Amino acid sequence: MSVPTAADLRSYALSHTLFARTDLQTAISRLGFVQADPIRAPARAQDLILMQRVRGYRAGDLERHYPALDVEEDYFPNYGFMSRPVWSLLHPRSPRTPRIELDAPGLMERVLAHVQQAGELHPRSAGEVFGRTRVENNWGGSSNAATRALEALHYAGSLRIVRRESGVKVFGPAQPSAQTLSQQERLRAVVMVLARLYAPASEAGLRLLVGLSHYGLPGLLADLRRELTAAVNDGELLRVQVDGVPYLLPADEMPEADLPAGVRLVAPFDPLVWDRRRFEHLHGWAYRFEAYTPPAKRVLGYYALPLFWQGRAVGWANLSVKGGDLLADIGWQPGVRQTAALRRALDAELSRYRTFLGLDP
């Protein structure tokens with residue numbers, strides 16, 4: 001293929017990432033991975049990501065329909081939801097002794113046996129069954145030992161999340177992975193899942209994602225990095241320079257030009273904007289996630305949603321719900337002409353958000 005321009009990459013990113021809306025299972029399977037985040041401003045990241053790709057999606061639909069979906073919760077490259085084929089690439093994980101096994105020897109084995117017999121276990125019930133002993137957690141605080149055992153068993157692939165109750169994970173026995181690939185094959189597949197999900201990825205952005213994937217593939221960071229290099233050397237990934245910025249593109253995907261219609265307000269963790277290097281290069285301004293920035297130092301706002309119109313990121317919106325209505329604080333990049341067409345498209349997107357949030361009268 002000929003060397004793309006920045007305009008080509010903008011079109012590619014939008015048409016590839018914001019594909020035509022479909023059903024929930026198909027959207028998850030096509031994405032492969034949906035990053036999760038608990039902040040609701042105005043909804044959780046996983047819901048904001050899916051509402052842009054699923055017909056008639058409502059906030060909370062993923063949690064409501066989760067038990068009937070072919071989906072898992074796990075770490076890759078951050079914590080989130082993924083299709084079962086992608087989840088299978090993460091297992092089996094390299095064996096290691098979880099901290100809870102050192103703090104409470106034998107507890108994991110007893111918890112696993114109980115869940116296998118009972119069918120599922122809520123952390124609250126785990127405390128009732130196994131006692132209220134508390135142990136130090138990864139954040140310097142303390143957690144119930146049985147809850148820590150549940151989390152460790154989930155990470156090891158022995159348990160899975162079967163559903164949530166008011167956001168709380170309920171654990172059940174894991175279904176055996178159908179993994180038949182060699183370790184090298186599955187690591188290459190992991191690299192390509194990331195390359196496709198975040199395509200067109202800046203090389204720095206893809207290397208960062210591969211690095212973060214050591215949470216999902218412990219002990220294999222060096223091997224993952226080797227597979228990324230091998231994918232380039234083998235021609236599975238094409239390295240191209242656009243305005244001096246190196247990108248890595250899946251060789252079997254050609255840039256498309258079917259831009260999504262209207263205005264789109266997307267989540268801070270949406271694949272379209274996750275790679276901040278790419279965003280700044282392609283759109284000419286820096287987008288930052290400022291929820292953890294001191295209020296006085298924020299430029300865009302607490303949970304700014306990038307605003308896309310006609311193939312460009314032209315501004316951002318901070319959305320909130322007050323008195324049963326949706327409030328929108330819109331910011332614009334200098335020089336953006338706020339035409340009647342743009343205003344109508346923005347109103348239509350805000351109307352979709354009201355429906356998504358259940359604010360319609």
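Which residues line the second largest pocket?

## Second largest pocket

In this predicted model, local features need pLDDT of at least 70, side-chain atom pairs count only at pLDDT 80 or more, and totals for chains, interfaces and linings use all residues. Residues are numbered from 1 along each chain as its sequence is written, and side-chain values use heavy atoms, with hydrogens and water left out.

The second largest pocket is lined by His16, Thr17, Phe19, Arg30, Leu31, Met192, Val193, Arg196, Leu197 and Glu253. Helix H1 (6-17), helix H2 (24-31) and helix H10 (183-197) are the elements that give two or more residues to this lining. A pocket is an open set of points on a 1 Å grid over the protein atoms alone, where a 1.4 Å probe fits, with protein on both sides within 12 Å along at least five of seven lines; lining residues have an atom within 4 Å of a point. Helices are DSSP runs (H or I, at least four residues), as are strands (E, at least two), numbered from the N terminus.

## Nonpolar core

The largest nonpolar core has 93 residues, and Leu206 and Leu237 are among those with the most contacts inside it. H10 gives the largest share of this core, 8 residues. Such a core is a set of buried Ala, Val, Leu, Ile, Met, Phe, Trp, Tyr and Cys residues joined through side-chain atoms within 4.5 Å; buried means under 20% relative accessible area, exposed over 50%, partly exposed in between (1.4 Å probe, protein chains only).

## Loops

A cis peptide bond joins Phe76 and Pro77, with omega about -20 degrees. Pro77 is in the loop between strand E2 (71-75) and strand E3 (79-83).
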